[in-house]
There are 2 protein chains.
Amino acid sequence: MPQQESPRDQRERGEGGGLHSRVLAELGPAIASGEHPPGTVLRIDDLESRYGVSRTVVREAVRVLEAMHLVESRRRVGVTVLRTEEWNVFDPAVIRWRLAGADRSRQLKSLTTLRTAVEPVAAGLAADAATPGQCRELTVLAAEMAAAGRAADLDAYLVHDIAFHRVVLEASGNEMFARLGDVVAEVLTGRTEHHVMFTAPDPEAVTLHVRVAEAVRARDAVAAESLMREICVGALRELDILAP
Amino acid sequence: MPQQESPRDQRERGEGGGLHSRVLAELGPAIASGEHPPGTVLRIDDLESRYGVSRTVVREAVRVLEAMHLVESRRRVGVTVLRTEEWNVFDPAVIRWRLAGADRSRQLKSLTTLRTAVEPVAAGLAADAATPGQCRELTVLAAEMAAAGRAADLDAYLVHDIAFHRVVLEASGNEMFARLGDVVAEVLTGRTEHHVMFTAPDPEAVTLHVRVAEAVRARDAVAAESLMREICVGALRELDILAP
DNA sequence: GAACACCCATAGGTACTACTTATTCAAGAT
DNA sequence: ATCTTGAATAAGTAGTACCTATGGGTGTTC
């Protein structure tokens, strides 16, 4: 099955679907990237004419942005861009928009710090809760990462890396952790795009992934946790070197 | 300043503001609590007549629910409730709706597990990054918790407890952690409401809070982290006893 | 002259209607 | 049995008319 894509996935990127998604796909990033700094007041009429759509469409897009706490709409005033502290920074759409924007590296850093907190705990839980199928998946994915690493195939490496972390988070049995799979995917993708200069992945990281898979399989929660922590702090350190 | 309340806060609870927020405040919880189980198809016309509002209003509410990934709207089909794995469980509104609903205790558990992962790391970072003002705040809040504990004043205890954890998360200097302050507030509130039977807070927890404040003040990251971990695992254990 | 109350212009909020378009389901052709 | 085609349907879009809250300006009062 070739990764079938839901109509919603397209819509979120503003490709398919309704007009309001297109407006959202332009306005969202514009705000998230700081193009319209906090305090800016947007007028519905302006947006209407700027995007060449009806008021209905603009209002729906604004409602969504409001739900993400990016803007606040008030009578007699307009649509005000809120301070960044108000934003729902956990919303996958907001994360994507910000990563696409200006201070990408600052974003990557704070997201990687989050990983450092969450993933080790998730790995520890996964050692207790993973199904035999998930254990097998992890082993296979780690092996494929190793293979891709040897072949210096960065694309394949990324795909398996993302899949690996996603399985760990899902195997933890905690829905909150599981939902961070998308976040991790964005971070890893962003990271690879960032230092495209590197020719091959860090062999040490590969080894750590293999050992995490082994630890989960062996039901060794302590080892799984500390190995995953090593992976994450490694990622954090790497980031500090490349983008101070 | 008496905790001034923004018009948006009201709107989110469906009190003030527009009609669409009222629809959202009814429909959101109905979905999040499982009243409309995943797979259910809602028709816009139905909602329109059920809530006695115009189509415009319903559509805006639906757009917001769609942004939270609670539902998916498709032509010729209707508004379909998505599987829970799709939901944006980090959205504060979704968290609140779910905590108000049926399996509150399962929610509390998965949220507390998240705390166990995040808060210790945040405390460690706070030990490095907290401003003198934040250090002072923590000390004061811990003292007030102790006082409220001795007086068996659960309400005051809750307020200071929430404030304490919020300051730690903010002091970490990581915006992702900072935004989890609201989540922690919901969890603590939910927890207190849950075992209202208890007459006084755990004195051991109080001591731990005081020691966290001291560790942060002393810039001892390792101690701050492990003490905060004790607080969180304590909360988790407590929860396991009360709601197995 | 400062504080207060009042009024009006404004910009978002709501409603209603007409029309468009994608999509499903089914009937009929191959 | 499978593919094509078409009609029914329900969401999407547009445009308009009207409602309503509210910020700021005006005028009055002490």
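Visitor: At what angle do the axes of helix α8 and helix α10 of chain A cross?
Guide: This is a predicted model, in which local features need pLDDT of at least 70, side-chain atom pairs count only at pLDDT 80 or more, and totals for chains, interfaces and linings use all residues. Residues are numbered from 1 along each chain as its sequence is written, chains are lettered from A and ligands numbered from 1 in the order written, and side-chain values use heavy atoms, without hydrogens and water. Helices are DSSP runs (H or I, at least four residues), numbered from the N terminus, and axes are lines fitted to C-alpha atoms over the stretch in contact, with angles from 0 to 180 degrees between N-to-C directions. The axes of α8(A) (residues 154–171) and α10(A) (residues 181–194) come within 9 Å and cross at roughly 155 degrees.

Visitor: Which orientation does α8(A) have to α10(A)?
Guide: Angles under 35 degrees count as roughly parallel, over 145 as roughly antiparallel, 65 to 115 as roughly perpendicular, and the rest as oblique. The crossing at roughly 155 degrees therefore makes α8(A), relative to α10(A), roughly antiparallel.

Visitor: How do the residues of the contact of α8(A) with α10(A) divide?
Guide: Contact means heavy atoms within 4.5 Å. On α8(A) the residues include A:L158 and A:I162; on α10(A) they include A:V184 and A:L188. Ala, Val, Leu, Ile, Met, Phe, Trp, Tyr, Cys and Pro count as nonpolar, Asp, Glu, Lys and Arg as charged, and the others, Gly among them, as polar. The division is six nonpolar, four polar and four charged.

Visitor: Which orientation does α3(A) have to α4(A)?
Guide: The axes of α3(A) (residues 44–51) and α4(A) come within 9 Å and cross at roughly 110 degrees. A:I44, A:L47 and A:E48 meet A:R55, A:V58, A:R59 and A:V62. The angle therefore makes α3(A), relative to α4(A), roughly perpendicular.

Visitor: Which orientation does α5(B) have to α6(B)?
Guide: The axes of α5(B) (residues 92–100) and α6(B) (residues 104–129) come within 7 Å and cross at roughly 135 degrees. That angle therefore makes α5(B), relative to α6(B), oblique.

Visitor: Which side chain meets A:E60 in a salt bridge?
Guide: The N to O distance is 2.1 Å. The pair crosses between chains, from α4 (residues 55–67) of chain A to α4 (residues 55–67) of chain B. The partner is B:R59.

Visitor: With which residue does B:R98 form a salt bridge?
Guide: B:R98 belongs to α5(B), where B:R98 is one of the residues that meet α6(B). In the salt bridge the closest N and O atoms are 3.1 Å apart. The partner is A:E175.

Note on methods: Helices (H or I, at least four residues) and strands (E, at least two) are DSSP runs, numbered from the N terminus. A salt bridge is a side-chain nitrogen of Lys or Arg within 4 Å of a carboxyl oxygen of Asp or Glu.
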